[in-house]
Amino acid sequence: MAILVTGGAGYIGSHMVWALLDAGEDVVVVDRLSTGFRWAVAPKARFYLGDIGDKDLLSQIFVENSIEAIVHFAGSIVVPDSVSAPLEYYENNTCNTRRLIAAAVEAGIDKIIFSSTAAVYGTPDVALPVTEDTPLRPENPYGQSKLMSEVMLRDASAAHDLRHVVLRYFNVAGADIAGRAGQSSLGATHLLKVACEAALGKRKTLSVWGTDYDTHDGTGVRDYIHVNDLVDAHLAALTYLREGGPSMTANCGYGVGYSVLDVLRAVRQACGHPFAIEYGPRRPGDAAYIVADSSRARALLGWKPRYNDLRLIVESALDWERRLKEVATPDLEGLRQRLASGF
Ligand SMILES: NC(=O)c1ccc[n+]([C@@H]2O[C@H](COP(=O)([O-])OP(=O)(O)OC[C@H]3O[C@@H](n4cnc5c(N)ncnc54)[C@H](O)[C@@H]3O)[C@@H](O)[C@H]2O)c1
Ligand SMILES: O=c1ccn([C@@H]2O[C@H](COP(=O)(O)OP(=O)(O)O[C@H]3O[C@H](CO)[C@H](O)[C@H](O)[C@H]3O)[C@@H](O)[C@H]2O)c(=O)[nH]1
């Protein structure tokens, strides 16, 4: 039987596809290429171009492949865009996830692993690692759209023959240690990606958004988790569901917080030269400090992170950014798709 990876042409999904293939799994990918790339999908995976909201496409995939479980990454991910275009975020992250769950239930697929986010917590009251029991108070439509998907999964699992693992990712960063995948997004907004582009002269400058937060240096603090460790948590979740584990939710992070300036310092050290930085106002929807308590993922999933090292995260990201031009092959399929759909 095969594992269906939605959004498998994107940053995290493309790493997941490699990890599943490495583990000897049969992999099917569905992706509409709105932000992902066809070339990023490992050649051994079977690829379907299209939208997870397209019922006919999902039926075709389920008829042509025997799907055991779905690992659901497809979604829209930029927090400030969700503030300016909330309905698009609810449509893609919530409504399309509902369509995917409904299709899975109808097809008798009983395992789903879902990409949720630290954004469901909003800003915690105290600067301490958040557990899964921390109150859920998303501060932007992105976080809200993901929380609504979590609720649908919970209720659908109670009513149908379905079990799920919700993984709440903190800040995913870095690139495949084996060099086969990385973050390739156009117009990226994630701090480390933007900093690597600035360090390599691909952009003139970068802005530090907010210097007056109540943190050790006034800039926002996040828990940066290496993408290989994150996809390992999904492999552990798959084993957990296969062994009959009940539905659960778990944070994925290291429990260590770095500020924006800490990250920029690490990038400067890794690239060996300074690059231009501007200081700007706070970005709407941003939390001051958010760090994970991931003891549940370790205890229940047996997750053992291997790359908890900011220097290694930064070096892998820089390495990928340097090689991106030669790795990225022309992506006419994706370009055509983006133009046709106006993504
Ligand atoms: N990157 C992070 O730090 C982070 C943190 C928390 C959660 N997440 C979640 O992880 C998931 C993957 O994020 P990413 O960083 O790899 O983003 P990404 O944009 O690189 O990947 C998303 C992929 O989904 C595809 N896609 C989007 N909507 C689709 C649809 N309706 N049908 C088919 N394909 C569709 C895109 O083309 C892209 O390939 C997202 O759900 C995101 O919310 C990411
Ligand atoms: O050019 C930039 C980019 C980011 N930042 C700062 O860097 C930190 C991290 O910002 P990112 O945009 O890299 O990540 P976010 O924490 O906003 O959000 C990310 O992690 C969240 C989970 O916390 C969500 O899941 C979301 O998908 C994902 O983008 C924040 O303090 C932000 O203000 C800057 O100062 N300048």
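Student: Which residues are closest to ligand 2, and how many surround it?
Tutor: Ligand 2 is surrounded by 23 residues (C-beta atom, placed from the backbone, within 6 Å), and the closest are Thr117, Ala118, His190, Leu191 and Gly220. This is a predicted model, in which local features need pLDDT of at least 70 and side-chain atom pairs count only at pLDDT 80 or more, while totals for chains, interfaces and linings use all residues. Residues are numbered from 1 along each chain as its sequence is written, and chains are lettered from A and ligands numbered from 1 in the order written.

Student: Which elements give two or more residues to that shell?
Tutor: Helix H6 (191–199) and strand S8 (206–209) do (DSSP runs, H or I of at least four residues and E of at least two, numbered from the N terminus), and S8 supplies the largest share, four residues.

Student: And how does the shell around ligand 2 divide by class?
Tutor: The shell has 13 nonpolar, seven polar and three charged residues, where Asp, Glu, Lys and Arg are charged, Ala, Val, Leu, Ile, Met, Phe, Trp, Tyr, Cys and Pro nonpolar, and the others, Gly among them, polar.

Student: New topic: at what angle do H6 and H10 pack?
Tutor: The angle is about 55°, and the axes of H6 and H10 are 10 Å apart.

Student: What about H8 and H10, how do their axes cross?
Tutor: The axes of H8 (residues 260–271) and H10 (residues 310–327) cross at roughly 60° and come within 9 Å.

Note on methods: Axes are lines fitted to C-alpha atoms, for helices over the stretch in contact, and angles run from 0 to 180 degrees between N-to-C directions.
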